[in-house]
Amino acid sequence: MRVTREQVAENRRRILDASARLFRNRGVSAVSVVDVMQCAGLTHGGFYRYFSSKDDLVAQALAHILTSSADAPFSVGEHVERYLSAEHRDNAAEGCPFAALASEMRYQTPQARAVMTAGARQIIATLTSAMSPHPQTDERRAAIGNWAAMVGAMVIARVVDDEDLSDRILEETRRFLESGVRRPGNVDPESGSSAFPASSEPD
């Protein structure tokens with residue numbers, strides 16, 4: 001039976017969705033092509049109709065993850081709250097690919113790393129543009145610092161086997177980021193400006 005162009009596109013989307021979840025949940029190296037095709041509800045033999053190799057799939061799955069919510073409405077405060085949550089920690093399969101896969105990316109192909117680099121630039125740009133402008137504050141520097149703190153906190157919160165400690169890591173990181181919002185007396189002693197610029201949301 002001939003497969004229609006629409007069915008090919010749908011099958012490809014199913015493979016990307018399945019691999020995106022599996023890679024984030026188990027790690028790239030622990031997931032085989034057979035695993036992906038089974039999760040997608042397709043036969044293993046048809047894989048190479050859609051992707052040239054597993055490496056090709058990894059790069060395209062990462063791009064699929066990073067572009068799927070690129071146009072969604074963005075709020076810094078809501079993003080921090082959602083990112084540094086127990087729900088995100090406990091659901092890596094649907095979460096941030098940086099927190100889920102950072103330790104593996106150094107071993108992946110240049111294509112996969114290029115996709116992640118482009119994603120990192122986009123996230124930093126989004127955070128930067130969402131922060132309130134201030135003449136004495138470098139919003140991009142703050143965006144990088146905030147984002148790195150969030151990703152690092154999520155990685156550590158997933159590593160430890162003490163749930164109370166894990167919760168505390170997420171909570172204290174949220175407080176740390178919130179404390180950077182400009183308030184009277186909350187200033188960087190060298191520049192006279194707040195250490196982190198306020199988000200675009202009102203307090």
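The following dialogue goes through some packing features of a predicted model.

Student: Why is L16 called buried?

Tutor: Its relative accessible area is 6%, and buried means under 20%. L16 is therefore buried.

Student: Where does L16 sit, and which residues does L16 touch?

Tutor: L16 belongs to helix 1. Leaving aside residues up to four places away in sequence, L16 touches F51, L57, Q60, A61 and H64. As for M37, which is 21 residues from L16 along the chain, the C-alpha atoms of the two are separated by 9.8 Å.

Student: What makes a set of residues a nonpolar core, and how many residues does the largest one have?

Tutor: The residues must be buried, of the nonpolar types counted, and joined through side-chain atoms within 4.5 Å. The largest such core has 46 residues. Those with the most contacts inside this core are I15, F23, L57, Y83, L84 and F98. Elements giving two or more residues to the core include helix 1 (5-26), helix 3 (54-68) and helix 7 (110-130). Helix 8 supplies the largest share, eight residues. In general, nonpolar side chains in soluble globular proteins tend to be buried together.

Student: Which residues does F98 touch?

Tutor: With residues up to four places away in sequence not counted, F98 touches L66, M116, G119, A120, I123, W147 and V151.

Student: How do you know that the buried residues of helix 4 lie on the same side?

Tutor: The buried residues of helix 4 are V76, H79, V80 and Y83. They cover an arc of only 95 degrees around the axis, which puts them on the same side of helix 4. The face turned away from this buried side carries E78 and R82, which are exposed.

Student: What do the buried residues of helix 4 pack against?

Tutor: They pack against helix 5 (86-89), helix 6, helix 7, helix 8 and helix 9.

Student: Why are helix 3 and helix 7 called roughly parallel?

Tutor: Their axes cross at roughly 10 degrees, and angles under 35 degrees count as roughly parallel. Helix 3 and helix 7 are therefore roughly parallel to each other.

Student: What else describes this pair, left-handed or right-handed crossing included?

Tutor: Two packed helices are described by the angle between their axes and the distance between the axes. Here the axes of helix 3 and helix 7 come within 8 Å, and the crossing is right-handed. On the helix 3 side the contact is made by V58, A59, L62, A63 and L66; helix 7 contributes Q111, A112, V115, M116 and G119.

Note on methods:
Residues numbered from 1 in each chain as written. Predicted model: local features only at pLDDT ≥ 70, side-chain atom pairs only at ≥ 80, totals over all residues. Heavy atoms only, no water. Buried < 20%, exposed > 50% of the residue type's maximum accessible area, 1.4 Å probe, protein only. Helix = DSSP H or I, 4+ residues; strand = E, 2+ residues; numbered from the N terminus. Contact = heavy atoms within 4.5 Å. Arc of directions from axis to C-beta. Axes fitted to C-alpha atoms, helices over the stretch in contact; angles between N-to-C directions. Parallel < 35°, antiparallel > 145°, perpendicular 65-115°, else oblique. Left-handed = near helix turned anticlockwise from the far one by under 90°.
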